[in-house]
Amino acid sequence: MTRGRKWAAIPGLALIAAVATVLSAYSGAQAGAPAQAATAAQPPVATPTDTAVLRQQRDTLAEPGPWAYSAASSDQGYAPEQPVNFPHPVHVQSLQMNCVYCHFAADKSPDPGMPAVGTCMGCHTVVAAGKPEIQKLAKYYNEKKPVPWVRIHKVPDYVHFPHMRHVDAGVTCQSCHGQVQNMPRVYQYSSLNMGWCVSCHVERKARYDCATCHY
Amino acid sequence: MSIDTGSAGVKRRDFLKVLGAAGAAGATIGCGTDDVGKLIPYLESPDNTVPGVSNYYATTCRECAAGCGVIAEVRDGRAIKLEGNPEHPLNRGALCSTGQAALQGLYNPDRYRGPMAREGGRLVPTTWEKALATLGQQLTGARGNAGATFINQSESGSFPVFLDQWLSAFGLPAHLSYDADLPASAVQAHREVYGVAWPTFDFTATRLVVSIGADFLDNWGASVPQQLSWGDARAKLADAPRLVYIGARRSLTGLNADEWIAARPGSELLVAQALFGEGDVAQAAQAAGVSAEQLQRLATELRGGTPSLALAGTSGPDATEVALAAARFNQARGAVGTSVKPAQPVLGFEGGASYADVRALVQRMNAGQVPVLMVRGANPAFTTPRSLGFADAMGKVPFKVSFSSFPDETSELCDLVLPDHHALETWGIAQPVPGTISLQQPTMTRPVFNTRPTGDVLMAVSKATAVGAGAYAAYADYAAWIRAQFPGGPSALAAALPTGIARGSVPARSAPASAAAPVAAPAAPARAEGELHLVVYPSPLLGTGSGGNKPWLQELADPVTKISWQSWVEIHPLTARRLAVVNGDHLTVQTATGSVTAPAYLYLGIQPDTVAIALGRGHTAYGRYAKGIGINPLDILAGGEDSRSGALSLVTTARVTKAAGHADLVTTEGSARQHGRNIAQAVAVSALAALQPAELQPGGRFGSSNATENAPYGGVVPGTEQGHGGGHDIPGLPSSKPLPGLRSPIAADAQGELADSSGKDLGMYDQEHWSGMAKRRWAMTVDLARCTGCSACVTACYAENNIPTVGAPWQGRATSPVTWDETPGANIVKGREMTWIRLERYFEGGEDGSADFETRFIPMLCQHCGNAPCEPVCPVYATYHSPDGLNVQVYNRCVGTRYCSNNCPYKVRYFNWFGFGEPNRRQYAFPEPLNWQLNPDVTVRGKGVMEKCTFCVQRIREAENRAKLEGRPLEGDEFTVACAQACPSRAITFGDAADASWSVAQLAVDRRAYHVFEELNTFTAVVYLKKVNHAAPSASPTA
C-alpha cells in the first residue's frame, strides 16, 4: 500500500499542478483583485475568551494569515463531546476539590495523570448514583472498561512538557488550561503553539533553548 | 509550465497558494482533531505507580548461564530497558549486549502467541486446557520409562532442582542441562584442577596473561565479570598485565592482546606443553608455524618471576588437555587463589551436559528408546552439527514437547508447544555465586502473550495426573513454590526484592555425572594437500544462535570483522591472493560432510593456513530476523568430540575454493586503517612517564606535550603557535580569550544572549568559574586502555534512544515500483545504519600480513563540539549549541538537507532514510510488540530527519527535574548516560566537566587525554584517554 502511494505521488503532484494552472489562469482573468483583499483580514486574537467566536473566525477566514505564533493553526477551542459528561464546575467549585486530587501526578511527573475509574466510583457508588451520567460511568466500571476520554490537550511527540516542573515553578493549571473550573465542557484554552510556550518562558526567564523541550 | 510574472499567466505565488490549499485539505482529512486520540485511565490505580515515571525492578538475566543481575526499567507496566544491577556480585552494574537484548526476546514479534499442537502435520493453536491434558496423558504413558528425556537450558538456582524433583515423581531420569555456548572442555579442566566448573578470574593480580584460544572477553565463560576485571587490570597502566594470545584466529580477546602468536589449529597442545611444561619449544614452534625465538622468549618469561596467568579455551579434540596444561601451570605457579579464585566460582556453569550426552541421546532416539522428548530453552536441532541428525532422530520420537518461547528449529519439529514465559515475566531464584541469591521477578504487569511459566505447567500436570502431586499440595503455583524455597520464606523474599539479591543459598541440583563416553575425533586434524584448517567459533554477539532473532544483535557489527546481517569466511589476505579472492567474493568451504558458501572477509588476524566461520546465523526457523540470514557452519562439521570432556570439536579441515558470485560485505566500517589521522591514539608503557598532566597554560590550551607530537600536519595546531599573543587567533573575534580544551571561543560568541553568565540557568562560559569555562559542560571521557571493543555501549544506545535497526530483508529500498532490494543489510551496505555510537576498530602495522599487528578500538559518537562544524551549515537552525554544552539536533526543525552530516568530520550524524520509526511504512523497525520497548522519553524519529547522539539529553533532563523538585543542585556522578552505564570495562565516564565533583572533570585533564581531530579546533566534549601498549620485554618498543 505504501508502495502504491509512493508511486502515485508523482502523477498526483502533476495533477495538482495542472489544476493550479487552470485555477490561477482563471483567477488571473478576474482582474486580479481578490488576492490583496483576502490578506487584509484581521488575524484572530491570541488569548480568546470565547471559543465559539474563535472557531467562527477561523472557519470564516478566507486565507491563511500570519498565524504562525497565534491560535489558528492549532486546535485551540477544540471542545469534543466526552463519553461521560464530567462537570468540572461541580467538582471544583461546589465541592472545592483540588485539581491534583484527581490529576494526582501533576506535581511529580511529566504526565499529570488521569483519575482511575475506581477513583470516580469511590464517591459515585453512593453519591448521585442514579443520575444518567453516573450510570454511564458505573457501566464502564462494572464492565471493567476504562472510560475512553477524548484527549483535548496534546503537544506533538517531539515536545516534552514536564508538568511537575511547571507546577513546581508556580504556574497555575489555569495558565495553560484556562478556567477549567468554569467549563461545563472542557475545551482547549491555549493554542499550545511553540510561540505561546516561548513567550511565557521568556517572560518568566525560564530556559528556552530548543533542547529544553525538544529531544 | 512557464512561470510568468505577468497578470495573465500563472504566478508562482498563486501556484504555491493552490498547493497550500490542497495540502491543507489533505491535512484536514488526515489529521483532524479526531485523531488526537483518547486518554485511557486506569480502571483501578495500581500501587507505587505514577504515570510517566519509571519503576525499577531488580531481576536476573537468563540469556546465558552466568546469571547477572539486571534492573529493568518499567514504564506504565512495560519493561523498556535493562541495566546491570550495581549491587550484584557478578556484573556490578554492567551488562553485555546479549543481556540487554533480552528485551527483544520478550517483545519478539515472532514469539508463540499461545500453546500449539500438531494437527495434520502442522502446528496449530490450541488451548492450554487441551495442551495440558495431552501432556498429562503422554506423561502417564511414559511413566517410569528411563528413555524419556528432558533437555533444559543451563541455569543456576531453583528451577533445575524443581525439574529433577518433578521428573523423578514421574519415574523419569534427571534432565540434561545443555548449553551449546558452554565451553565444556575448559569446564572439565577447571573441575579437575580447581574443583569448580568456573572460577573467578582476577586479572588485577597478575602481570602476564597467556591465553591459548581462551576468549575471556568474548563469551568464554562469564564474560561480564571477566571484562570488568580486565578493565580494572588494564587501568593500572604501567602495572597492568600484558596479554599474549595464542591461536589461529584473533578473536575480540585476541585483538585486545599485546602480542599474537598465530599457532596453527591442532598445535596448541604442543605449544602449551612447551610454554607451561617441559615440552620442546622448537618442535612446538614448527608444528605451530611460528617463530621459535618468539615462543622461547615467552617460555623464558613464563619461567621467570613474573606473576602469570595461563588460560586455554581451544575447541579441538585435545581441548581439555590444553586447558589442563594451563590450569596446572596456574596451580604450580601459585596463581590459584590470587588470579584464579576457585573459592568464588560462577555456579551457572555447573552441571552442564556435554555434546557427547546429546550424541548419545540421538543414538537412543534413533533406536526408538525415547518415548517422550521435552526441550526447554535449548535448540539442539540447530546447535548440533547436521551430520549428527538430531532433527531426523526427532522424527523417531513418538511425542515431543517444546517449552520454547520462539518458533526455533527444535520446537517446529515438536508435537506440542507450551510456550514458557520470558525470563522477565517469571519468578525464579538464581544462585550466581556461592552465598548470594539473585532473585528473578516479573517485570511486566502482565505477560505479553498467552504463555505460561514452565514451572506452572509442570505443577499443573502433576496435579491433574496425581503423580507426585503431594509435593505441590501446599503451593498454588510455581511462584508460591519459589517463595517457599527462599531462605527465610516469603517475608524474607519480599524484603530482598528491592535489591534483587540476598545472602544465602538454595539447594543446588546434584549434577549427574556425564553418562556418555566421548568419541574422540582424530587427534590432530591432518591437513591434506590443498586443504586449509577450518575453525568454527561462537559469535560474541549471537552465541551459537540464540541471539539471532534479536534485531539489535543482528544489526550490531561483529566486534572483530564489523560485519552484520551476514555470514562470512575469514581468510588471510595472502591466502586470498593465492585464490584470487577479494573481499566479498564467494568462497565455498567443503568438508567431508558438506559445503557452505559465504562471502570472504580478508582478515589479517587469521593464520594463513586457516579459514574461520562464526556460528549463530543460518537459521531455517526462529522468526523473521533470523530465518535465512547467513549460513550455519555446523552444517559441515563432522561432529568429532574432545576425548575427555565430550565437547564438540569445532576444528576440522576443508577445501576452500572460489565460488561464483560476489556479495557486498555488510560492514559499518569505512577503513580499517587510520591513514595517519590519529583517531585512536596509543602510548607505549615506556613513554607513559613522559606524559605530562594537562594543565591550563598561558597558551590557552591544555599543556599538551603529547598533543603536538601526535598532531598530523607537522604538529602545528592552528591557534597554538607561539607569538600569536598566546591565544586562539579567531578571525572576527578580537575579544576571544585564551580558553582551555573543552571551551570554544566561537561557540561562546554564537551563544549570544545565552552566554550571559549572569543568567540564572544560562551561560556555558563563566569567566569567574575556576575552569574559566562554564557553569555546566556535559562531557565524556573514554579510556581506551580499558575499552575492549565489546560493543555493549552500542546496544545500550539502541535501547535507550529508540534507534531503529535497518538491515532486515524487508527494509531495503525500492528498486522499481514493484521490486525491492531484499538483501539482508542492504541499507547498511549503502551506509544507512543508525548507530549513534559505533565501535571503530583500527589495525596498526602488519600491512603486508607478515608481521604482528596492533588493534585499537574507539567508540565514536557525536563529539558535542564546542565549535561544531555541523552547526553553521544548517539552513534551518535545526542543530545548535545548548548553553550546557550539548550539540543539539532539533528533529522538528530538520528538513533533511544533510549539510550537517556532510560537514561533520566524525561522521556521527545519521539520516533517517525510510521512516524506520513510522508504523505504516514497509521499513518500520519496531513491528508490534517490539514497539513496546520504545523509550517514551525519546522522540521516535520520522523519515527525512537527521539524528545523532544527544548525550542522553532525556536523562539529563530527568535528573535536572528530579533535583529541582527536591530543591537541590545536581550532585556529582548523580546519573550517567546509557553507554557509560552498560560498559563492562568501565571505559566511559560521563558528567559535568565544569564541576569538580564529577569524575569526568578529573579524567578530562588526565595525562593521556586527547581530542580526536584536535587540529580542527572543534573543541570536542568527548575526551579520549590513550590506549596503553605493553611491549614484550625484549622486543623493541613500538607505538
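Strand β25 of chain B sits largely enclosed by the rest of the structure, because five of its five residues are buried (buried means 20 or more other C-beta atoms within 10 Å of the residue's own, exposed means 12 or fewer, partly exposed is in between, and C-beta atoms are placed from the backbone). Strands here (E, at least two residues) and helices (H or I, at least four residues) are DSSP runs, numbered from the N terminus. This is a predicted model, in which local features need pLDDT of at least 70 and side-chain atom pairs count only at pLDDT 80 or more, while totals for chains, interfaces and linings use all residues. Residues are numbered from 1 along each chain as its sequence is written, with chains lettered from A and ligands numbered from 1 in the order in which they are written.

**Around β25 in chain B**

- B:Thr610, B:Ala612 and B:Ala614 point one way from β25(B), B:Val611 and B:Ile613 point the other way, and all of them are buried.
- β25(B), residues 610-614, runs parallel to β21(B) and is joined to it by five bridges; two strands count as paired if DSSP finds at least two bridges between them.
- Across that pairing, B:Leu534 stands opposite B:Val611, and B:Val536 stands opposite B:Ile613.
- β25(B) also pairs with β22(B) (residues 569-571), this time in the antiparallel sense over three bridges, with B:Ile571 opposite B:Val611.
- As background, strands of a sheet pair through backbone hydrogen bonds, either parallel or antiparallel.
- β21(B), residues 532-537, is mostly covered too, with six of its six residues buried.

**The open sheet β18-β19-β20 in chain B**

- Three strands make up this open sheet, ordered β18-β19-β20 and paired antiparallel.
- β18 (428-433) and β20 (501-503) of chain B are at the edges with a single partner strand each, so one side of each has no neighbour in the sheet.
- From one strand to the next, the twist averages 35° (angles run from 0 to 180 degrees between N-to-C directions, and axes are lines fitted to C-alpha atoms, for helices over the stretch in contact).
- Three bridges link β19(B) (residues 436-440) to β20(B) in the antiparallel sense, and B:Thr436 stands opposite B:Arg503 in β20(B).

**B:Pro89**

- Where is B:Pro89? B:Pro89 lies in the loop between β4 (78-84) and α2 (97-100) of chain B.
- B:Pro89 has 19 other C-beta atoms within 10 Å, so it is classed as partly exposed.
- Leaving aside neighbours within four places in sequence, B:Pro89 is in contact with B:Pro432, B:Val433 and B:Thr436 (contact means C-beta atoms, placed from the backbone, within 7 Å).
- B:Arg527 is 438 residues away along the chain from B:Pro89, and their C-alpha atoms are separated by 46 Å.

**Helices in chain B**

- α10(B) (residues 281-288) and α11(B) (residues 292-303) pack at an angle of about 130°, with their axes 9 Å apart.
- That pair is therefore oblique (angles under 35 degrees count as roughly parallel, over 145 as roughly antiparallel, 65 to 115 as roughly perpendicular and the rest as oblique).
- B:Val281, B:Ala282, B:Ala284 and B:Ala285 in α10(B) meet B:Ala292, B:Leu295, B:Gln296 and B:Ala299 in α11(B).
- Further along, α24(B) (residues 792-800) is mostly covered, with nine of its nine residues buried; among them are B:Cys793, B:Cys797 and B:Tyr798.
- Just after α24(B), B:Asn802 takes a positive phi of about 55°.

**Chain B overall**

- Chain B has 30 helices and 38 strands, and 58% of its 1039 residues are buried.
- Among its contacts between residues at least 6 apart in sequence, 71% join residues at least 24 apart.

**Chain A and its confidence**

- Chain A comes to 10 helices and one strand, and 21% of its 215 residues are buried.
- Chain A averages a pLDDT of 76, and 66% of its residues score at least 70 (pLDDT is the predictor's confidence in each residue, from 0 to 100).
- Over residues 27-51 of chain A the pLDDT is below 50, and this stretch has 33 contacts in the model beyond near neighbours in sequence.
- Residues 53-72 of chain A also stay under 50, with 37 contacts beyond four places in sequence.
- Where pLDDT is low, the predicted coordinates should not be read in detail.

Technical notes: Two residues are in contact if their C-beta atoms, placed from the backbone, lie within 7 Å.
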